[in-house]
2 protein chains.
Amino acid sequence: MRQSKLFVKTARSIPKDIRLVSHQLLYQAGFIRESVAGRYYFLPLAMKVRDKLIKVVEEEMDQSGALKIITPVLHPIKLWQETNRTNSVGFELMKVKDRSENEFVLGGTAEEMIVDLIKKFNVSYKSLPFNVYQFSQKFRDELRPRGGLLRVREFLMKDAYSFHANEVDFKIEYEKMRQTYHRIFARLGLETVVVESDNGYIGGEYCHEFVVVSEAGESKFLISEDKKYAAHVDIAKFKKEPKNIGDKIEKMVPVDAARGNSMQDGVKFHKLPLWQQIKDVMYVDDQNRFILAIIRGDFNVNEEKLKKLIKASSLRHATNEEIINLKSEPGFISPVKISSHVIIVADDSLRTIRNAYGGANKKNQDLLNINIDRDYQPNLEGDIALAQEGFISEQGSILHENKGIEVGNIFQLGHHYSSKMKANYIDSQGHEQLFYMGCYGIGIDRTMATIIEKHHDAKGMIWPKIVAPFQIHLLNLSQEFTMADKIYGYLQKQGYEVLYDDRKESAGIKFNDADLLGLPIRLVVSPKLGDQIEYKARHEKESKLINIEEISKYV
Amino acid sequence: MRQSKLFVKTARSIPKDIRLVSHQLLYQAGFIRESVAGRYYFLPLAMKVRDKLIKVVEEEMDQSGALKIITPVLHPIKLWQETNRTNSVGFELMKVKDRSENEFVLGGTAEEMIVDLIKKFNVSYKSLPFNVYQFSQKFRDELRPRGGLLRVREFLMKDAYSFHANEVDFKIEYEKMRQTYHRIFARLGLETVVVESDNGYIGGEYCHEFVVVSEAGESKFLISEDKKYAAHVDIAKFKKEPKNIGDKIEKMVPVDAARGNSMQDGVKFHKLPLWQQIKDVMYVDDQNRFILAIIRGDFNVNEEKLKKLIKASSLRHATNEEIINLKSEPGFISPVKISSHVIIVADDSLRTIRNAYGGANKKNQDLLNINIDRDYQPNLEGDIALAQEGFISEQGSILHENKGIEVGNIFQLGHHYSSKMKANYIDSQGHEQLFYMGCYGIGIDRTMATIIEKHHDAKGMIWPKIVAPFQIHLLNLSQEFTMADKIYGYLQKQGYEVLYDDRKESAGIKFNDADLLGLPIRLVVSPKLGDQIEYKARHEKESKLINIEEISKYV
């Protein structure tokens, strides 16, 4: 393509509110422009990258045996009502009515639609398993879109849905998809960490995110030094080593404790270790229940785990007034003899200590030698602890906190949708059986931005060959066009994808733009070079003079 | 692909409300299923056709120099307000609000979005002309979707928008697009007629539809025997030959006329030709104006032309009561001395006759020798006549009525959008100038259905090679799979696209399905044939025995 024909120009300056590197470069290179917050126009060079990216995903999905389909963008709301998702994800859903007052959801994910479609066929066990996928525009009414293509309100997604007779069959596909995703991202130049994560509003029991480590990302996860364990912070587990578990259980005694509100105040006052103290946090949930979360003093409560355990959709801290109304005392809360209106939820770490100390539900009064079962009985017990940097994985390796961009995810759905929507296949005995399902997503636009986050330098983008908008950037620095035109023609005839900078601009502008656009190979035609041309790979520093006929050696 | 892995089965029966052949075949072959009226799921075989169709359109658009982009599906409503299109196309527009009460339109066409995008760049005359195109999901809240993929509420469209310095430059692109469209449809096996048509809600001054002649279509047009003229019925012109224009103008006289309401009653009563009678039709428009349309008796009023001439968006016939209130008389309306509240709109055919006859605004009273200018003065005069079968084109060739499917269209937009949205380029003097624009659409899904309408027989689809889901349908009629598997492997290795019917079904079912799916070539493996295979082209009757190594001669 002749660059003179590209109406989009590179930008010299970047609006101040554009902060992430990928966003800055996409703007500056003229790849995208914002329509309104979170909604973007894609310009010609971006489309070339996007099409190549789609091609890689499509090739690998086809290779895996998945079948391409497409569903309408507008989903009849009654399907979402069948699965209760109009409420659970209501805050991000956009709804629209047609002229006949029929209501639709603008598709965020398509589980309901795909199940609705599959139900239209009398699927026999002989057709199982199968996996269908689509590339379609998705809508999320995000509160705060940010970072260019990393968190948007409208985006292209590859979403796939697999159907199985049972869990065993499903797990084969899940593993196949995991490998397919690895191959896809590897081909795109992205190293991914597979992170156990929360299934969020999709439903099902477990899922994994494909995360590219990056400060630009919003996925916080913990990964063990031995790389055997990686999990999203919301669900990460760790080893809670036993402390004084061999000690004899002592008699519980009340003591005066003129101390402040912090855990450290308790440690100083009693001269006992932090881990022996009980940490008490009083919450109120969305059903107005009082929830007292208790945990070993050296750990913190993971509110996501807590919500899941108590099946609440939101939590807030109780106010001092509410605590006092419960006949307890802020800073001195205790599970011991707390009001029966309170649901006590204990982290299982409380079984790793004996003779704990903590508040007595009275100001300036503590209890020593508090022991679970004898002195208090939790209503619920489980893992509600937050994994943190330096903790130990269950396999014994040190955990490190990390951040990254979620470019893909794979979900077990089990019978979640098929049971709610009564979707069955016919088994070999002629009986109806619920489908066992999985689903698998890749954010195409986000992946494009992630490639830039990982492949750039101070001067601009550095496109991996497989997704570069063009393979070769041909710069003409001569006033004459004869030689450059000839070389452009030659390269095109050889089948190379060439962006030909035939503009009447200075050498400086052309070199800067070439670095900014980051095509894999730069070729320069200049009167100073005679019949030779200068070759330089974008990711290398050195250039060299070559004859154009040698080009095949370098591409 | 192994057909046993395709969860979609062909259907034996077709729901009764599916009437058009393309819809029936798409349903029966398992290409599409309806989500809700006018919104369709596309299944794997349909996706293969669709992708190939997209590829042809894309290749030709790229070849023409157009640049691919994409705009968001949600268009900020304020852009549509700038061009007044929220009102003019309000009845088909779907609107949606986000969580912050920002209002959007679900894109029907994207003129406003593209102009908004282009305005973000300081386009110089040096970058002109350029043409940008996209494939994107479009939404039209059609009152009555019908005919499967022929009239839907959600569909994939290729829409392109070109920007020019002036009309001369635009016309070159318009002609280039006309040729590009011809090439596209020809490659897809579709013969198209280029029909002058009404620009509808797009704006601009002229446009052309690409129509495939078909009874399934909704585009009514007239085409001259010499093929030099084709125009949509709404705008078609014809020659209004002079009648008794050399006659002497006689004195107007009232006469008693005990006759009925029809034009034929007048002819019989006065024993004068139909063409000499004045046809008077009283309308009320959307601004509650009374419009009296008058025309030569052998012609009919074209309400679309009339609306355009009087700049009304809708018309209805006046009631008898309204006519009487105007001091006229149903069946005896006359432009002569009609109430001054009435706007008289005369077809220019009234200048081809003299001494006309017709009503006198009184029951059972007519006037003879009515002459324009002398006896009545139209407020507006122009072409409001409906072209009909057998009329003569302005070039003197007989016009024939025809019907077809509009698969594409090209529009002159001129300064319509650029002036309303203040979109300028910088000319060579550094001054701002309005862009001169055009736009160009192709309905992808409708084109797919049209190909079926034109390429099928009683047994099923007959896909042109270029868009066939697979090139070869390999049927195994043997109980053994060894030979068929081997041939399948061989064909795949040779790079052919093969659908392999490896199902355990009867020969009859397999042959029927092969005819229904309509792949270009059918190959049969059967124990009866020894080492040979039976070859048959879908569009031919005869089959022959071949050795598999010869296959390249036939594909």
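**Exercise 1. Find which residues of β29(A) point one way and which the other, and say whether they are buried or exposed.**

Step 1. I521(A), L523(A) and V525(A) point one way from β29(A), and R522(A) and V524(A) point the other way. All are buried (20 or more other C-beta atoms within 10 Å of a residue's own, with C-beta atoms placed from the backbone).

Step 2. Strand β29 covers residues 521-525 of chain A. Five of its five residues are buried, leaving the strand mostly covered. Strands are DSSP runs of E with at least two residues, numbered from the N terminus.

This is a predicted model: local features need pLDDT of at least 70, side-chain atom pairs count only at pLDDT 80 or more, and totals for chains, interfaces and linings use all residues. Residues are numbered from 1 along each chain as its sequence is written, while chains are lettered from A and ligands numbered from 1 in the order in which they are written.

**Exercise 2. Find the strands that β29(A) is joined to by bridges.**

Step 1. Take β27 (residues 472-476) of chain A. Five bridges join β27 to β29(A), and the two run parallel. N476(A) has V525(A) as its bridge partner in β29(A).

Step 2. Take β30 (residues 533-537) of chain A. β30 pairs with β29(A) in the antiparallel sense over four bridges (pairing needs at least two DSSP bridges). The bridge partner of I521(A) in β30(A) is A537(A).

Key: A residue is buried if 20 or more other C-beta atoms lie within 10 Å of its own, exposed if 12 or fewer, and partly exposed in between; C-beta atoms are placed from the backbone.
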